[in-house]
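Biologist: Before I use this structure, I would like to hear the grounds for the terms applied to it. Could we go through them in turn?

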Amino acid sequence: MMLSPTRQERPALSAAGIVERARQLGTVVPGFNIPYLPMMEPVVRALRDTDSFGLIMVARLEWEKFESRSLEAVREEHGRVGDPAHTRLHLDHVPVIDEDGREVDYLNILGRAIRAGYDSVMVDGSRLPLEENIRCTRRAVELAGEGGVPVEGELGAVMGHEAGPLPPYEELFRSGKGFTDPAEAARFVSETGVRWLSVAIGNIHGAISAAKKDQAKTEARLDIPHLDRIHRAVGIPLVLHGGTGIRKEYIQESIRHGIAKVNVATAIRQPYERTLKQSVAAAQQAVYDAMIGIITQELEIAGKRCQVSGLPRAPRGVGCQERQGSEHESSRG
């Protein structure tokens with residue numbers, strides 16, 4: 001039986017409304033994974049210092065295999081260092097079947113996140129056959145809908161988290177193996193009610209095993225014509241997982257063809273891990289420095305917070321005129 005989640009008070013501007021607005025404007029909302037709690041403060045600080053907007057994210061594997069502790073611990077840290085003018089809190093990858101082939105009590109985890117006050121959640125049924133993925137994702141949407149929380153689903157195989165070796169990347173890309181099928185995507189979105197769809201178009205995740213997590217990611221490419229066909233078929237914001245290691249021109253072109261949320265993990269995790277032997281403060285500075293480059297050079301979203309938030313510029317063009325409004329009520333999932 002699914003228990004109706006009791007949600008905490010959320011900001012007036014919803015995550016769903018902000019990401020949809022980014023899609024309409026042809027820009028993007030980045031999501032930054034927090035596998036170590038001290039990473040959150042420099043991520044938020046960089047967003048604030050560049051007048052940008054982003055999602056603070058944690059995936060199940062980041063409290064299972066890294067040191068984010070729990071989704072509740074991440075929520076507590078976000079309450080301490082987060083900034084509602086610049087961030088929302090997103091629960092990333094909650095798999096139905098995890099990277100080690102184990103069944104996950106995914107509805108329980110999603111319910112916990114909704115009760116804790118997460119602004120959006122993701123259920124990942126991509127390792128399931130299409131019919132099962134639709135069924136499990138629809139159950140997640142029904143649960144989250146009771147709390148007014150938008151759901152991201154995934155269709156296609158974004159590889160990289162599995163324990164075994166990946167097939168040669170060029171072979172994967174040429175064959176299109178695991179790529180999201182546009183017709184299946186249209187059916188998936190229609191029958192589940194997800195607000196965002198994570199797609200496989202050549203992107204891959206960074207490795208997470210202890211033996212491989214320090215390795216540089218394979219430089220992935222994106223099949224932009226295929227992405228365009230998916231976007232035309234579904235008409236909702238699309239999500240690019242595994243954003244690290246993809247050349248800027250591919251990222252920018254993908255944004256013009258429906259990608260409205262880009263997930264970033266390895267690009268900020270590895271600098272933290274490499275520098276942590278010096279001190280936590282040094283590791284946090286490494287994250288901040290990486291963030292500034294991602295925001296200003298790779299994604300080019302510095303100064304675009306007012307645009308994606310739908311807020312007017314403040315007098316003299318410095319920041320936004322913050323206001324309470326009803327956009328959350330009209331655009332939540």
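Predicted model: local features only at pLDDT ≥ 70, side-chain atom pairs only at ≥ 80, totals over all residues.

Biologist: What makes Cys-306 and Cys-320 a disulfide?

Modeller: The cut-off is a pair of cysteine sulfur atoms within 2.5 Å. The sulfur atoms of Cys-306 and Cys-320 are 1.9 Å apart, so the pair counts as a disulfide. A search of the whole structure finds 1 disulfide. The pair links distant parts of the chain, 14 residues apart: Cys-306 sits in helix α13 (residues 305-309), and Cys-320 in the loop between α13 and α14 (327-331).

Biologist: How do you know whether Cys-136 counts as buried or exposed?

Modeller: Buried means under 20% relative accessible area. Cys-136 has 5% relative accessibility, so Cys-136 counts as buried.

Biologist: Which residues touch the most other members of the largest nonpolar core?

Modeller: That core has 85 residues, and Leu-91, Tyr-106, Leu-110, Tyr-118, Val-121 and Leu-197 touch the most other members. Setting aside neighbours within four places in sequence, Leu-110 is in contact with Leu-91, Val-94, Val-121, Met-122, Val-123, Ala-140 and Leu-143. A second, separate core of 16 residues includes Ala-15, Ala-22, Trp-196 and Val-308. In soluble globular proteins, nonpolar side chains tend to be buried together.

Biologist: What makes β1 and β2 a pair, and in which sense do they run?

Modeller: Pairing needs at least two bridges between the strands. Strand β1 (residues 29-33) and strand β2 (residues 54-59) have 3 bridges, so they pair, and they do so in the parallel sense.

Biologist: Which strands make up the closed barrel?

Modeller: The closed barrel has 8 strands in the order β1-β2-β3-β4-β5-β6-β7-β8, with parallel pairing. From one strand to the next, the twist averages 30°.

Biologist: Where does helix α2 lie?

Modeller: Helix α2 (residues 40-49) lies across β1, β2 and β3 (87-95), and runs at about 160° to β2.

Methods. Residues numbered from 1 in each chain as written. Heavy atoms only, no water. Helix = DSSP H or I, 4+ residues; strand = E, 2+ residues; numbered from the N terminus. Buried < 20%, exposed > 50% of the residue type's maximum accessible area, 1.4 Å probe, protein only. Core = buried A, V, L, I, M, F, W, Y, C linked by side-chain atoms within 4.5 Å. Contact = heavy atoms within 4.5 Å. Axes fitted to C-alpha atoms, helices over the stretch in contact; angles between N-to-C directions.
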